[in-house]
Structures are given as structure tokens and as C-alpha cells.
2 protein chains.
Amino acid sequence: MHRAGPKSEETRGRILTAAMDLFRTRGFEETTMREIAQEAGVALGSAYYYFESKEALVMAFYRQAADDTHQLIVQALFEKKDLPGRIRAVVDVKFRYFAPNRKFLGALFGHAADPEHPLSPFSEETRETRETDIGHFDAALRESGVKIPKELKPHLPRLLWMYQMGLILFWIYDRSPSQKRTGQLIDKSLPLVVNLIKIARFPLLRPIRKMIVDLLDAVYSG
Amino acid sequence: MHRAGPKSEETRGRILTAAMDLFRTRGFEETTMREIAQEAGVALGSAYYYFESKEALVMAFYRQAADDTHQLIVQALFEKKDLPGRIRAVVDVKFRYFAPNRKFLGALFGHAADPEHPLSPFSEETRETRETDIGHFDAALRESGVKIPKELKPHLPRLLWMYQMGLILFWIYDRSPSQKRTGQLIDKSLPLVVNLIKIARFPLLRPIRKMIVDLLDAVYSG
């Protein structure tokens, strides 16, 4: 955001790191900008200069995460050729990256389903990171060798992204040791998703394909 | 809960009505037990005698809603013979009943996805009303004349209930006039759901059926 030299880049990074540490350990609602500034060793005014609110800090974390995971996903996709492996690669990078922040993401989840809340993954404000992320599923589908019916092509990456959001939601509230149950959910649901994609082009399922496209057009027209 | 005469039944009902009015107009978090007692015209101790917390009031509202809608659904199912009509009947009763409380339900939604929160529709505490509600979808499927594959039979009512929860989630955040977009979503998704149920028994889809059952067994085993 700020065009700035290395010094101010460093200060900005330090504030963001301090904020995330406090959000993780003390909770998002419970943490104040004053405490963040103190933890980062900067004046309160300086913290506000870089981030106008706690929400702006979360948004910066989202962007940072999007940049970091993008690199990791490009690398992971390079190594996988089959569709299940490629989808799993995208999802695994996300789970590994966000693991230290699972509880913090859970605390934010109260807003997640409301597309008008800026921090929601469905909001206008998070559109850019969302579209990048949907693009990863597009990349996972391409070069997988799986034929996608023409009418589903523009929609399938977004559907896979929704599938991923469902997995993340399950994971946020998964209290099993090391979130073992989320692992099982992925193991069981991914072959199903891949199989559905593979049979989607069968002539028998043409009416179903049409209904899905109609449904998505209606949902996204608003 | 309380075995009580008509007088105390009346007082309990008055407190519940007052609470719901305040939750709707001022918000759940913002309302105190003191204000509820005042609005109901009872002493604070009396309010606490009937309901130990605001959460207990919400739980009582859930139970009341479950009782009321159960009667309406039984009646509505009696009048519909085809599967789409029968599923729609169950869903429509719910939307009509909850319409005045849409925003209040939205405010509660912060907890909804966490199965360990007592007010979540997925919690242990709401199991009874949830099972009753799943039973409505079982009733909708029976006598519809649609053949359900044996292995899906025990799971399908719960899947339809999940579908309904998805619709309700969409509706809570639907800002279109009179929630017109939710209406479109139901119009477009219901034929898809019904068609998927109808083709589910095709031999071609046997592997898919097996994967779905495996997935559900894994998810509900925990």
C-alpha cells in the first residue's frame, strides 16, 4: 500500500507480526491497537499510520497469506500431474500455512458467512485474493488430462473453491487431535469430487449439468 | 420444563415474548436479563427463575418454533404428494415461520457453525429439535413414490436437512428486497436436488453412492 523505503517496510512488517501474535494468543476482539503498538515497539500514531484499524491488519494478513501461498501452490502444482493430486496440493498448502492461525480464523468466522462484512472471504474487499485462489483451482484442472464439459468450465474452479471453504470451515471447529477428522474428510471427499468431475460429461447427466449452470447463474447474478 | 399451573405458564410465555421482542429490535448481545424482566413486567428474580440465561431463552424459542412448525409441516405434507412439492412444503413452513426473526437468527449465526456452542443447530443441546426436523425430510421422502437406493436411505433425510441449512444461511445474508434471491435459489436448486435423488439409483452411479456413504460414515463417526 505505502510506497516506502526498507525502513518503513520493516516497521510495517513488525506491526503486522505483533498484531498477529496478539490476535493468536489473546484473541482478536480482546486486543487493542495500543497493545499492538506497544508489542511492536512503535508509537500508537505510527501503528495507525500503517494500519487504520485492526480490520486493516487482518486484511494485510490475508494479502500476505495470499502472496506466500501463491508461490507454494505454483511449486506444488508443478510436481503433481493427476487431478486428485493437484486439487489436494492446493488444499494442503492452505492447511499447512494456516495451521498456526486456526483458532484466530475461527474467531473471525462469526463474520465469514456475511458477504457484506469486509473480512468475509465472500466480500467485495477480499475479491482479489478470492479470485487468485479460484485461479489455483483453474490451474489444478488444466493439464490434469481430465475433460471438463464446456458449460461447466467457467464454473468448476469456483465450485472447487467452495468445496475448499467447506473443508476449512469443518477444520476450524475440528477438535480431534491434530485435526485428524479433517484429514479423514479430505481423504473421503476428494475421490468423490474427482469422480463427479470425471462423470460430469456423461450424456445421462446433461440435464443435471444444465440445472447446475442455471443455479450458479442465478446465484452469481446478484 | 417447569411443571406449573396456567398462571406460571402465562408468566413464562410473557417473559419469552418480551425477550424475543427485545432480541429482534435491540439485538441479542445488547439486551440484558434486567431489560427482559422489565419489558415482561416481572421481577428480575422471577425472570431468572424461569430462564437461567439469555441462551436458555433462545433455546426455549427454538423448542417453541420446533413445536409450532412441526404441526404446520405435518399439515403441509398431507396436502402434497410429489417429492419436489413435499420437500418445498417442509422448507416453506420454516421460512414463513422464521421470517420475522431473520435478523435475529443472523446475529446468532456467529455461533452456528461451532457444534460445541449450545445454540448451534449442530450441537448436542439442539439434537432433539434437529432430529425432529430431519424426521420431516424422512416423511417428505416416504410416500413420494420415489425409489431411494437402500444404502442412501438412512442418510438422505440428513442430507436434505443440510441442504435446508444451506438455504437458511443464504437467506440470513440475503439483502435483496423480500429476500427474492433466496426464492430464486430454492426455485433453481430444488429441481436439481430432486433429480439427483431420482438418478441416484442408476447402476452407473453405484461407485458414487458408495463414496457418499463412506464419507458420511466418516463424518458422523466422531
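In which helix of chain A is A:Arg130 found?

Guide: The model under discussion is predicted. A:Arg130 is found in helix H7 of chain A, the element that covers residues 127-141. The side chain is a charged one without a partner: A:Arg130 is buried but takes part in no salt bridge. The nearest side chain of opposite charge belongs to A:Glu131, at 4.4 Å; this does not qualify, because a salt bridge requires a side-chain nitrogen of Lys or Arg within 4 Å of a carboxyl oxygen of Asp or Glu. A backbone group does approach the arginine: a polar atom of the A:Arg130 side chain lies 2.9 Å from the backbone oxygen of A:Ser123.

Chain A has 10 helices and zero strands, and buried residues account for 49% of its 222 residues. Of the contacts in chain A between residues at least 6 apart in sequence, 66% join residues at least 24 apart. The C-alpha atoms occupy a box of roughly 65 × 40 × 30 Å along the principal axes.

As to charge, chain A carries 33 positive and 28 negative side chains, with the centres of the two sets 7 Å apart. Over all chains, the structure holds 26 salt bridges. One of them joins A:Arg24 and A:Asp21, with an N to O distance of 2.9 Å. These two residues are three apart in helix H1 (residues 6-26) of chain A, so about one helical turn separates them. Both ends of this pair are partly exposed, A:Arg24 with a relative accessible area of 34% and A:Asp21 with 32%.

Another salt bridge links A:Glu35 to A:Arg26, whose closest N and O atoms are 2.8 Å apart. Here A:Glu35 is partly exposed at 22% relative accessible area, and A:Arg26 is partly exposed at 41%.

A further salt bridge, between A:Arg175 and B:Glu116, has an N to O distance of 3.7 Å. This pair crosses between chains: A:Arg175 sits in the loop between helices H8 (156-172) and H9 (180-199) of chain A, and B:Glu116 in the loop between helices H6 (102-112) and H7 (127-141) of chain B. A:Arg175 counts as partly exposed at 46% relative accessibility, whereas B:Glu116 counts as exposed at 54%. Finally, salt bridges with shared partners join A:Arg88, A:Asp92 and A:Asp187 into one network.

Conventions
Residues are numbered from 1 along each chain as its sequence is written. Chains are lettered from A and ligands numbered from 1 in the order in which they are written. This is a predicted model: local features need pLDDT of at least 70, side-chain atom pairs count only at pLDDT 80 or more; totals for chains, interfaces and linings use all residues. Side-chain values use heavy atoms; hydrogens and water are left out. Helices (H or I, at least four residues) and strands (E, at least two) are DSSP runs, numbered from the N terminus. Buried means under 20% relative accessible area, exposed over 50%, partly exposed in between (1.4 Å probe, protein chains only). Lys and Arg count as positive and Asp and Glu as negative; His and the chain ends are not counted. A polar contact is a pair of N or O atoms within 3.5 Å; within protein, one must be able to donate a hydrogen and the other to accept it, and residues adjacent in sequence count only if both atoms are side-chain atoms. Contact means heavy atoms within 4.5 Å. The place of a charge is taken as NZ of Lys, CZ of Arg, CG of Asp or CD of Glu.
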